[in-house]
Amino acid sequence: MAFESWQAFIEMGGYGFYVWLAFGISFAAIAVLVINGFGARVKLQREFIKQQQRQQRLAQRKKEVS
Amino acid sequence: MWRWLHPYAKPETVYHLLGRWLPWVAGTATLMLAAGMVWGLAFAPADYQQGDSYRIIFVHVPTAMLSMSLYVGLALSALIGRVWQLKMADWALSAIAPVGLTFTFISLVTGAIWGKPMWGTWWEWDARLTSQLILLFLYIGVLALYHAFSDNRSGAKAAGILAMVGVINIPIIRYSVEWWNTLHQGSTLTVFERPPMANSMLVPLLVSILGFSLLAASLIFQRMRNEILRQELRRPWVKQELAELATQQPAMKEQS
Amino acid sequence: MNSASNWQAFRAVMRRDLMVVMRRRSDILNPLLFILMVVSLFPLAVGPGPDILGRIAAGVIWVAALLSALLGSERLFRDDFLDGSLEQLTLLPQPLALLAAAKVVVHWLLSGLPLVILAPLCALLLKLPLQAWPTLVATLVVGTPILSAVTAIGAALTVSLGRGGALLSLLLLPLFIPLLIFASGAVEASLVGTAAWPQVLLLGGLSLLTLLLAPFAVAAAIRVSVN
């Protein structure tokens, strides 16, 4: 352990602002990328479901007409 | 060899293969990253010159290394896509580019933040930072060109050509330190020499490099899987796959 | 398809492109006027003191050259793409890279060469010390072919997009940065009295490499765009 207390760990020997800013921005950017990846998948699923529902409606309409 | 490789060029096989690997790779990446970060932030000793500010190295160096190798990977998949006309390589290109862009961005920002306490300025026009900025522009160019085409296939081809042209810039980036020789310190890690770094700092750095590499791999796998689904949306196996997922999440059905 | 017919095709493409441009001379003149305008704006913006102007002169001239190359890039392939003659070129038995090289040469003759001739005037306007003039002209002679070749790659990539302007500069300007650095580095070196030839030679090497490889990239890009 390089630090004696939590306080010292947060302060980082006076460089706390820079170190935590760097780590914060880095992991925020990675989080954005991960969430974006999951979001794309959810979007694909939603589109698929919508498409399916549309097809079902079309099929029903066809049945009603005939 | 081609007979053995051929089934792996099928989107469905690749999709499932990546799906099988993804949890393992992502899990190991999380573990390694957590270990590397905690080790680097809390347990590695402070640098005798730079104090605790050097701890930024544990994100800066891995992302900077990966930003360049991911660009090479981008150009390689573009080359494979061109030579063997593999759709899969085109999709890999579109999966790698955003990951590489993010890593380049991270390495630039952490470099700038590190520069403030060390050099007294947020931005220094030195060789390394500048070439990293050029790399960022190159990534942006590739992505912008890819998205400018309404047809994904020509988009990937055009972006691939640009990536191959841009990869000529990688050696300039690599050797820019020797060429311009300004205030940035030399490369921290070299393959042939033993780096002048204490083991107590080097080992956590290597752990985080490995962690970030696995993270990059899992992000690419995730995006590649999405891309395969998007491109093959009309195929029966994709419909089956998505239908299965939809039944697993009934809440989503009500939403839409 | 012997080598003579390759050469003939090369010359035919060059002659045709030159003829097309000669019918609209303003296309040649406008980029040059643009450079003169940009160059003459700088003294107004940063003040006419010779010490400042002399130091930034090479950089200003080179940035103006980059921008004017981008400005003139549309005419490389746009008209040929719209009237279908680009597609005809891809169907010729001669290698497309060779024909692309012809187009690059024409582009250089019409934008790079006038720039070299114009350079002393710009240097005069910007009060560049006389000792740096030969270096400036040398960097322009060696560097502008890179400009034409790389611009051709970008123009071929974006020709089918219609609204290529901003995108094109996004793609190309990063690729020009090493060129800019070495060229202004060479002029800087001759300003402080050290040898400028290493940078000029380096630029020459880059130029040869680019001229060797770029036609193939242009050809590949044309094929992507035409499809």
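Colleague: Is α7(C) mostly covered or exposed?

Modeller: α7(C) is mostly covered, with 22 of its 26 residues buried. A residue is buried if 20 or more other C-beta atoms, placed from the backbone, lie within 10 Å of its own. Helices are DSSP runs of H or I with at least four residues, strands are runs of E with at least two, and both are numbered from the N terminus.

Colleague: What is the source, and how is the numbering done?

Modeller: This is a predicted model, in which local features need pLDDT of at least 70, side-chain atom pairs count only at pLDDT 80 or more, and totals for chains, interfaces and linings use all residues. Residues are numbered from 1 along each chain as its sequence is written, while chains are lettered from A and ligands numbered from 1 in the order in which they are written.

Colleague: What are the scores of the model?

Modeller: The ipTM is 0.84 and the pTM is 0.85. Chain C has an average pLDDT of 84, and 98% of its residues score at least 70; pLDDT is the predictor's confidence in each residue, from 0 to 100.

Colleague: Back to α7(C): where does it bend?

Modeller: The bend, of about 35 degrees, is at C:Gly143, and C:Pro145 follows within four residues. The bend is the angle between axes fitted to the seven residues ending there and the seven starting there. From first C-alpha to last, α7(C) reaches 36 Å, close to the 38 Å expected at 1.5 Å a residue; the expected span is 1.5 Å times one less than the number of residues.

Colleague: How many residues of chain C are in contact with chain B?

Modeller: 15 residues of chain C are in contact with 17 residues of chain B, contact being C-beta atoms, placed from the backbone, within 7 Å. On the chain C side, α8(C) gives the most, with seven residues. That side has 14 nonpolar residues, one polar and no charged. Ala, Val, Leu, Ile, Met, Phe, Trp, Tyr, Cys and Pro count as nonpolar, Asp, Glu, Lys and Arg as charged, and the others, Gly among them, as polar.

Colleague: And which helix of chain A gives the most to the side that touches chain B?

Modeller: The contact takes 27 residues from chain A and 34 from chain B. Helix α2 (residues 16–65) of chain A gives the most to its side, with 20 residues.

Methods: Contact = placed C-beta atoms within 7 Å. Buried ≥ 20, exposed ≤ 12 C-beta atoms within 10 Å, placed from the backbone.
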